[in-house]
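Subject: Structure for your review

Dear colleague,

Please find below the structure that I am handing over to you.

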Amino acid sequence: MLRIASYNVRSMKDDVPALGRVVAALRADVLCVQEAPRFLCWRRRRRRLAAFGGLSVAAGRRRGGVAVLTGPGVRLLHGEGRLLKSFFPLERRAIAIAVVEAEGWRLAVGSIHLDLDENARHHHADEAVRLLREVADRFGALPVLAGDINEQSGQPSWRHLAERLTDCYPVSPRGDGFTFPARGPHKRIDAIFAVEGLSVLSCGGVDADPDDLVAATDHLPVIAELDRPRPA
């Protein structure tokens with residue numbers, strides 16, 4: 001069983017000690033980060049973020065602000081960051097992908113942060129799945145995509161993702177699933193999607209100090225416990 005988490009950390013602009021305690025509480029084997037630091041001392045700040053959870057930076061580039069962090073329970077086989085199509089004058093988006101192996105099975109885990117613009121968001125959702133599957137196929141891995149989708153289930157980009165990968169939360173929900181805003185959450189805009197066949201043991205929020213969750217950033221994290229594919 002692997003714990004895959006997703007968390008928009010708002011560039012570590014808020015209460016960093018509180019953020020560190022939340023990251024530690026995730027106990028993630030793989031953590032997909034959105035709004036990862038990307039300006040002054042961005043590499044050092046990402047390493048600090050990873051260290052809170054006993055993790056290492058495995059994938060991601062400065063532009064796009066997404067990263068994948070991995071823990072000692074998995075073996076990193078490959079990491080990369082790919083820019084997605086540019087939509088001027090919108091912010092440049094990217095996908096970070098890490099291929100990991102544990103207990104004889106492999107996952108290709110991608111981190112994305114989709115745009116507020118609907119057209120860009122839908123294009124990038126399709127592009128991200130395609131790029132993730134290409135890497136997964138190259139390494140014989142099972143694709144998992146996590147991130148800040150910037151819309152809710154039932155909307156076009158979310159539906160597009162859920163038609164190609166399984167939205168983990170409805171399969172085995174834990175808690176109400178809401179992730180935004182951290183103070184008074186009432187929207188589920190952050191999610192983890194996994195290839196059909198992976199066993200979703202649970203998916204939802206993290207057991208952390210409520211005050212820390214509010215202080216750390218404006219999103220709540222989501223974490224899924226995934227197990228190897230079910231027998232046919």
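This is a predicted model: local features need pLDDT of at least 70, side-chain atom pairs count only at pLDDT 80 or more; totals for chains, interfaces and linings use all residues.

I begin with strand β6, which covers residues 94-102. Nine of its nine residues are buried, so β6 is largely enclosed by the rest of the structure. In a regular strand, side chains alternate between the two faces of the sheet. In β6, A94, A96, A98, V100 and A102 point one way, while I95, I97, V99 and E101 point the other way, and all are buried.

Strand β6 has a partner in strand β5 (residues 75-83), to which it is joined by eight bridges in an antiparallel arrangement. Within this pairing, E80 stands opposite I97 of β6. Eight bridges also join β6 to strand β7 (residues 105-113), and these two strands run antiparallel. Here A98 has V109 in β7 as its bridge partner. Strands β6 and β7 form a hairpin with two residues between them, and E103 in the turn has a positive phi of about 55 degrees.

Strand β4 (residues 66-70) is mostly covered, as five of its five residues are buried. V66, V68 and T70 lie on one side of β4, and A67 and L69 on the other. Strand β2 (residues 30-34) pairs with β4 in the antiparallel sense over five bridges, and V33 has A67 as its bridge partner. Strand β3 (residues 56-59) also pairs with β4 in the antiparallel sense, over three bridges, and V57 stands opposite L69. The hairpin of β3 and β4 has six residues between the strands, and G60 takes a positive phi near 125 degrees there.

I turn now to the helices. The axes of α3 (residues 118-139) and α4 (residues 156-164) come within 8 Å and cross at roughly 15 degrees. Because angles under 35 degrees count as roughly parallel, α3 is roughly parallel to α4. The crossing is right-handed. Residues of α3 including E118, H122 and R133 meet residues of α4, among them P156, H160 and R164. The residues of this contact divide into four nonpolar, three polar and five charged.

Finally, G175 lies in the loop between β10 (173-174) and β11 (190-194). Is G175 buried or exposed? Its relative accessibility is 58%, so G175 counts as exposed. G175 and P156 are 19 residues apart in sequence, and their C-alpha atoms are 25 Å apart in space.

Yours sincerely,
A colleague

Technical notes:
Residues are numbered from 1 along each chain as its sequence is written. Side-chain values use heavy atoms; hydrogens and water are left out. Axes are lines fitted to C-alpha atoms, for helices over the stretch in contact, and angles run from 0 to 180 degrees between N-to-C directions. Helices (H or I, at least four residues) and strands (E, at least two) are DSSP runs, numbered from the N terminus. Angles under 35 degrees count as roughly parallel, over 145 as roughly antiparallel, 65 to 115 as roughly perpendicular and the rest as oblique. A crossing is left-handed if the near helix is turned anticlockwise from the far one by less than a right angle, and right-handed if clockwise. Contact means heavy atoms within 4.5 Å. Ala, Val, Leu, Ile, Met, Phe, Trp, Tyr, Cys and Pro count as nonpolar, Asp, Glu, Lys and Arg as charged, and the others, Gly among them, as polar. Buried means under 20% relative accessible area, exposed over 50%, partly exposed in between (1.4 Å probe, protein chains only). Two strands pair if DSSP finds at least two bridges between them.
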